[in-house]
Amino acid sequence: MNSTDAALKKLFLKEILPLAERFHSEGKEFFLTKPKPGAETYYKKRGETKAVIEEIGVTEDRANNDFEKKLVDMWTEQGYPELAVLAPKLSKLAKSLRLVTKQEEEVSSFIYVMF
Amino acid sequence: MSNIILGISAFYHDSAAALLKDGEIIAAAQEERFSRKKHDPRFPHSAINYCLEEAFIESSEIDAVVFYDSPTLTWDRILKNCMMAGEDGLEQFQKAAHSILGVKIWVKDYVVNSIGSLGKLDRLLFTEHHMAHAASAFYPSPFKEAAIITIDGVGEWATTTVGKGSDNKIDLLWEIDYPHSLGLLYSAVTYYCGFKVNSGEYKLMGLAPYGQPVYYKTIRENLIDVKDDGSYCLNTEYFGYLNSLKMTNEKFEHLFGGPAREPETHILRKEMDLAASIQKVTEEVVLLIAGHAKKETHSENLVLAGGVALNCVANGLLLKENLFDDIWIQPAAGDAGGALGAAMLVSNMYFDVPRKINPTGRDTQKGSYLGPAYQYSEILAFLERNGFPYEKITDQEQRAEKVAQGIADGQIVGYFSGRMEYGPRALGARSILGDPRNNETQSKMNLKIKYRESFRPFAPSVLAEDVNDFFDLKKESPYMLLVAPVKQELRLQTSISEFWESEDDDMLNIVNQPRSDIPAVTHVDYSARVQTVNQIDNPDYHSIIKKFKDLTGYGILVNTSFNVRGEPIVCSPQDAYQCFMRTEMDLLVLGDFLLQKREQPEFEDKDNWESAYELD
């Protein structure tokens, strides 16, 4: 395992997973995992109905900081300051991952390409 | 000064590029056609280069470059999914981190490396995935206003959206979010039936008529809760995609009585019945969503996009229901269309370029002939350089007569003409053509030309003016996105009912039975995925079908895509010649040039294509 993957594993096991377990114990779930008895609808009404067109700046540092800033803003607005705290680490990891990751050449046969 | 927008989709599946000039579509193409790698997910360098060439512009003249997906929102979904998965989320987390943090948030680097700049705006724009789908459906449509439905596997969070478009504005009003996804449900059953996810879903659709929906109740009671408004929720306990790298899990297997079918093994009654069952569920949900869209928007028109909009059987039922006066579906309804949609969104909503509406009442997709054409001189140079014998017929009428005569004589024709199609369907620019009246055409084309599963049906191209001679179809279908029944009076009795009642799982017993007097394009349930061909969009192709009608009385041909199984549709004359020589096609048309197989030199196949093109 290279150092970047080791860092990813460490981040997940040491910080993300404990946070997940805490959320779970507090009854905070990010989404339904099964049908809800008595639900009248599963549609979510969109807050923003119009297109939001993001911009991301041109230099390396700005691009990465844009991403970091967007994560902080997004998670803070959602009411997850605990996730917002992770943003700088994720941003730093992104810089490392950029150096070692090549784009996928193959489309998986086994799972829908979701990321 | 013109406004030029470049739209890009990449890094998931079916990467593509599209270019608009003052709101008009100038060019659009999928990367796979250039790279020769099916569903190529890589950054579409070649497609982008083509778009710039077609527009005769340098990259410095681009006003803005836009990507069709928001990596920030996608990362939000991924992280939260992995957290919900607990310890089991680690594998996905690592893989997704590489993909999003290592590649997708750096997409601007790929753009700059490709074209040297980010356009005059000097910033890379990002749209939301389903907004891009919605834009691809609404803006090129003929409608001033319409209800909009987008359904796919997943974008960032949204898997289904309902909204409305009016003039140049789009509002998406409701959505259903991951992990609840009609597209992922369909893909899960695709996987379980032994077909490839991300590419085999349409095979499941073609398999459905061989089965009965015996698993419908099992699916409805265990996998998905559907409300009257079409909204739905999956029971994720049965799916593997939340916490593993497979669509299904042991619980799913237990529900359906065993492990997934191994790919390329014999298809059994179980798979046929599963296909029929999931198709029925999908149709039901799509119809209910459409009902909701109608109720909430009061629109008389509907536009559709997202990968599930390629389910043309569901589309045909939707049309038949008469919920809407008219329906328009983006031909590149999957992720490739996101490039076009993103560009259109920026053109309309960011730069306020007036929306182009076709005054004739037709759409502005230009027949979806948006890819490269090859000039007479290029094709001639290719043929001369290689010493391939040809006959040159520059007169369009004479050429059409010769091609039509060949088809009527039983020849299978590779037809390469004009600009390449954008989207998964061949529409008479990169097509293999055959006689639909011949009962052996389907088997011959499947086994000797496409080298694919013999249960798979072929689709017809019919003169637009003659469509009601053959099919119960109330509107034009230029993009082969609607399935319609073959007219009752043309049908022949088959033993399909007995097949359904029996334990027999040999589909060839049914495939080989003539089902109508156009057997090659009549599926086992008497349906057909129709392309109506009009003189405006493709006069050359229309002319061939017209000449065939003059000879035979039938203004209809078999039209299948010009490729072998596992290969992308051909793009260049070289691709076409190679495919021609690797198969048992009889005649190749390259623009003004006709090549007879029997006259060609022995073909030295340098590429080990049978292993190079992975079975799809």
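This is a predicted model: local features need pLDDT of at least 70, side-chain atom pairs count only at pLDDT 80 or more; totals for chains, interfaces and linings use all residues.

**A pocket and a strand**

I checked which element gives the most to the lining of the second largest pocket, and H2(A) comes out on top, with 5 residues.

Next I looked up the pocket's volume, which is about 1100 Å³. I then went through the lining of this second largest pocket and got 37 residues. Nearest the centre I found Lys44(A) and Gln78(A) from chain A, plus Leu73(B), Trp157(B) and Glu175(B) from chain B. For elements giving two or more residues to that lining, I wrote down helix H2 (60–78) in chain A, and in chain B helix H3 (71–85), strand E8 (169–177) and strand E10 (232–234).

What kinds of residues make up the lining of the second largest pocket? I sorted them into 16 nonpolar, 6 polar and 15 charged.

Then I moved on to strand E6 of chain B, residues 145–151. I noted that 6 of its 7 residues are buried, so I'm calling E6(B) mostly covered, buried here being under 20% relative accessible area.

Which strands does E6(B) pair with? One is strand E7 (residues 158–166) of chain B: the two run antiparallel, with 7 bridges joining them. As an example I picked Ile149(B), whose bridge partner in E7(B) is Val162(B). I also saw that a hairpin of 6 residues connects E6(B) to E7(B).

The other entry is strand E11 (residues 301–305) of chain B, which runs parallel to E6(B) and is joined to it by 4 bridges. There I noted Leu302(B) in E11(B) as the bridge partner of Ala147(B).

How values were computed:
Residues are numbered from 1 along each chain as its sequence is written. Chains are lettered from A and ligands numbered from 1 in the order in which they are written. Side-chain values use heavy atoms; hydrogens and water are left out. On a 1 Å grid over the protein atoms alone, a cavity is a set of points where a 1.4 Å probe fits but cannot get out, and a pocket is an open set with protein on both sides within 12 Å along at least five of seven lines; lining residues have an atom within 4 Å of a point. Grid points are joined across faces, edges and corners, and a volume is the space filled by probe spheres set on the points. Ala, Val, Leu, Ile, Met, Phe, Trp, Tyr, Cys and Pro count as nonpolar, Asp, Glu, Lys and Arg as charged, and the others, Gly among them, as polar. Buried means under 20% relative accessible area, exposed over 50%, partly exposed in between (1.4 Å probe, protein chains only). Two strands pair if DSSP finds at least two bridges between them.
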